[in-house]
Amino acid sequence: MRVVTTIKEMREIIREKKAEQVSIGFVPTMGYLHDGHIALIRRARAENDIVVVSIFVNPLQFGPDEDFDIYPRDLERDKKISAREKVDFIFHPSAEEMYPGTLSVKVIVQDRTDVLCGKSRPGHFDGVATVLTKLFHIVQPDRVYMGMKDAQQVAVVEGLISDFNFPIELIPVDTVREEDGLAKSSRNVHLTPEEREQAPHLYKSLLEAKKLILEGERDEVKIVSHMRDYITEKTNADIDYIEIYSFPQLKKLDRLEGRMIIALAVKFSKVRLIDNIVLTVP
Ligand code: AMP
């Protein structure tokens, strides 16, 4: 496994690999790898000749009051995990390498961002789409692997790939959870022990909502308020949003039917967590 830090070197490698006509699987990450990332890497490993993992905490997708400075980083650990998982290349550029000056062009996401994290984190998905556009041009993958933990990101990237005609297949991968149901996240290290005990209730609230819907409940307000009461009772977290939309369009549903996402975001003392469930009601 090789760690590549410059765009020039990454490009040279990709040019060589393309000449050999190998398939390239790409897993974009912000590092501090956990089992969620590893699920994406394993899927990429199984389906491609070459696996590239990018590790880049992208400043462009963090708001001024967000956790860019305290986002956990540990490249040595990430290197060990990647080598064990038979990753071929880690692309780990510096912020200066990716953004040497003020950008003259930025990607603005105009659809699927007026709700959920797009609403709570203005500019976040523009930052995501901009860095992915750059990474797609540099890595030129055949397939990109992204987690359903960040379902809105999957929806946005689907639009990016389709609208900008990237010849890339997007492969969404199911959320990997701790045994108690908490979705794995690099940010979980910032939970206090008490919050860590409370955090599995987020997923439990989603399961309760899913159960209600599958049992025939169609009153969205009732379902959301049940989740709100449950989370308020079981945790000290502040609720940012609990919402239900069509998926992947992320539009309001007239009736709770078809493919839908139940999604939530909450704030604990030092960390904001998100989770979701996607389900289909015939
Ligand atoms: P991040 O490093 O948090 O930006 O995540 C990099 C990729 O890993 C994204 O596509 C995430 O959706 C995915 N990912 C993060 N956590 C999980 C998880 N618990 N299960 C599956 N995929 C995940």
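A residue counts as near a molecule if one of its heavy atoms lies within 4 Å of it. In this predicted model, where local features need pLDDT of at least 70 and side-chain atom pairs count only at pLDDT 80 or more, totals for chains, interfaces and linings use all residues. Residues are numbered from 1 along each chain as its sequence is written, and side-chain values use heavy atoms, with hydrogens and water left out.

The ligand is surrounded by 17 residues. M30, H37, D150, V176 and K184 are the closest. By class, six of the shell residues are nonpolar, seven polar and four charged. Here Ala, Val, Leu, Ile, Met, Phe, Trp, Tyr, Cys and Pro count as nonpolar, Asp, Glu, Lys and Arg as charged, and the others, Gly among them, as polar. Helix α2 supplies the largest share of the shell, three residues.

A side-chain N or O atom of D150 is 2.6 Å from a ligand oxygen. For H37, the corresponding side-chain distance to a ligand oxygen is 2.8 Å. A ligand nitrogen lies 2.8 Å from a backbone N or O atom of V176. The ligand taken alone exposes 480 Å², of which the protein buries 93%; accessible areas come from the Shrake-Rupley method with a 1.4 Å probe.

Elsewhere, three strands form an open antiparallel sheet in the order β7-β8-β9. Strands are DSSP runs (E, at least two residues), and two of them pair if DSSP finds at least two bridges between them. The edge strands are β7 (238-246) and β9 (272-281). Strand β8 (258-267) is joined to β9 by 10 bridges.

Terms used: Helices (H or I, at least four residues) and strands (E, at least two) are DSSP runs, numbered from the N terminus. A polar contact is a pair of N or O atoms within 3.5 Å; within protein, one must be able to donate a hydrogen and the other to accept it, and residues adjacent in sequence count only if both atoms are side-chain atoms.
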